[in-house]
Amino acid sequence: MEQIKILVVDDESRMRKLVRDFLERAGFQVLEAGEGMEALDLFYEDQGISLIILDVMMPKMDGWEVCREIRKESKVPIIMLTARGEERDELNGFELGVDEYISKPFSPKILVARVNALLRRTSGLSMDQTIAAGGIEIDKAAHIVKIDGNMIDLSFKEFELLTYFIENQGIALSREKILNNVWNYDYFGDARTIDTHVKKLRNKLGDKGEYIRTIWGMGYKFEVTKA
């Protein structure tokens, strides 16, 4: 079986080696880049990269810029590493399309677990069928969302969130349940992460955004309303 290829981008060689050792031990093939431009060159040269682990603080071109450039061309899953613990940095990452966010210092074993969970969700899309509700159509295999026949652009996490809502339409979903099913690991961050994603998703859905109803003090419910 061909090894899954992961690109690790960090200007600290010791950090790259640490992450590489644990990923290779878990059976992954690892490519390394010490700065942003090198990371972009590697990414564009190698079409087989399945996931990127990207540090925020780097010279010349930081992680935000690298993420922004990659998102112009690809929806490849991105895990962002940062030494900062500020909420605005996390929100900034999600705005740019980051799929996971891990603050340094972190446990390499937890990083590998999140890599595995994210890759399982990504590869698992191909096994599902097309689903639809209220003029919204989701093709999981092709990772495409259409509203009344028109394609819209969603990040990986927005795509998963919308899919989960539609598959559970009419059911009131707590924030905890959404975290457990969409993020698929024990999430220790702020539950407002969900609110941020829901707000962005509603905006991208336009009029269909009203299908995602807020259940005050609990979470959300997707329900197709009649005109």
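## Getting oriented

The structure is a predicted model, in which local features need pLDDT of at least 70 and side-chain atom pairs count only at pLDDT 80 or more, while totals for chains, interfaces and linings use all residues. Residues are numbered from 1 along each chain as its sequence is written, and side-chain values use heavy atoms, with hydrogens and water left out.

The protein chain has 8 helices and 12 strands. Here helices (H or I, at least four residues) and strands (E, at least two) are DSSP runs, numbered from the N terminus. Of the 227 residues in the protein chain, 48% are buried. Buried means under 20% relative accessible area, exposed means over 50%, and partly exposed lies in between, using a 1.4 Å probe and protein chains only.

The protein chain exposes about 11,500 Å², and carbon and sulfur atoms supply 49% of that area. Accessible areas come from the Shrake-Rupley method with a 1.4 Å probe; for residues, only the protein chains shown count as cover. Among contacts in the protein chain with a separation of 6 or more, 59% are between residues 24 or more positions apart. A contact means heavy atoms within 4.5 Å.

Let's start with strand 1 (residues 5-9). It is largely enclosed by the rest of the structure, because 5 of its 5 residues are buried. Lys 5, Leu 7 and Val 9 point one way from strand 1, while Ile 6 and Val 8 point the other way. Strand 1 runs parallel to strand 2 (residues 29-33), joined by 5 bridges; two strands pair if DSSP finds at least two bridges between them. Within this pairing, Val 8 stands opposite Glu 32 of strand 2. To get from strand 1 to strand 2, the chain passes through helix 1 (residues 13-25), in a β-α-β crossover that is right-handed. Right-handed means that, with the strands pointing away from the viewer, the path from the first strand over the helix to the second runs clockwise. Strand 1 is also joined to strand 3 by 5 bridges, again running parallel, and there Leu 7 stands opposite Ile 52.

Now follow Ile 52 onward: its bridge partner in strand 4 is Ile 78. Strand 3 (residues 49-55) and strand 4 pair in the parallel sense over 4 bridges. The chain crosses between them through helix 3 (residues 63-71), and this β-α-β crossover is right-handed. Strand 4 (residues 78-82) has 5 of its 5 residues buried, so it is largely enclosed by the rest of the structure. Ile 78, Met 80 and Thr 82 point one way from strand 4, and Ile 79 and Leu 81 the other way. Strand 4 also pairs in the parallel sense with strand 5 (residues 100-103) over 4 bridges, where Leu 81 stands opposite Ile 102.

Strands in the order 6-7-8-9 form an open sheet of 4 strands with antiparallel pairing. Strand 6 (130-133) and strand 9 (150-152) stand at the edges with a single partner strand each, so one side of each is left without a neighbour in the sheet. The twist averages 25° from one strand to the next. Angles run from 0 to 180 degrees between N-to-C directions, and axes are lines fitted to C-alpha atoms, for helices over the stretch in contact.

Strand 8 (residues 144-147) and strand 9 are antiparallel partners over 3 bridges, with Lys 146 opposite Met 151. Helix 6 lies across strand 6, strand 7 (136-139) and strand 8, at about 115° to strand 7.

Another open sheet has 3 strands in the order 10-12-11, with antiparallel pairing. Its edge strands are strand 10 (173-174) and strand 11 (212-215). Strand 11 pairs with strand 12 (residues 219-222) over 4 bridges in the antiparallel sense, and Ile 215 stands opposite Gly 219. Helix 8 (residues 192-205) packs on this sheet, touching strand 11 and strand 12.

The axes of helix 6 (residues 156-167) and helix 8 come within 10 Å and cross at roughly 80°. That makes helix 6 roughly perpendicular to helix 8; angles of 65 to 115 degrees count as roughly perpendicular. Residues in this contact include Leu 161 and Phe 165 of helix 6 and Val 198 and Leu 201 of helix 8.

Key:
Angles under 35 degrees count as roughly parallel, over 145 as roughly antiparallel, 65 to 115 as roughly perpendicular and the rest as oblique.
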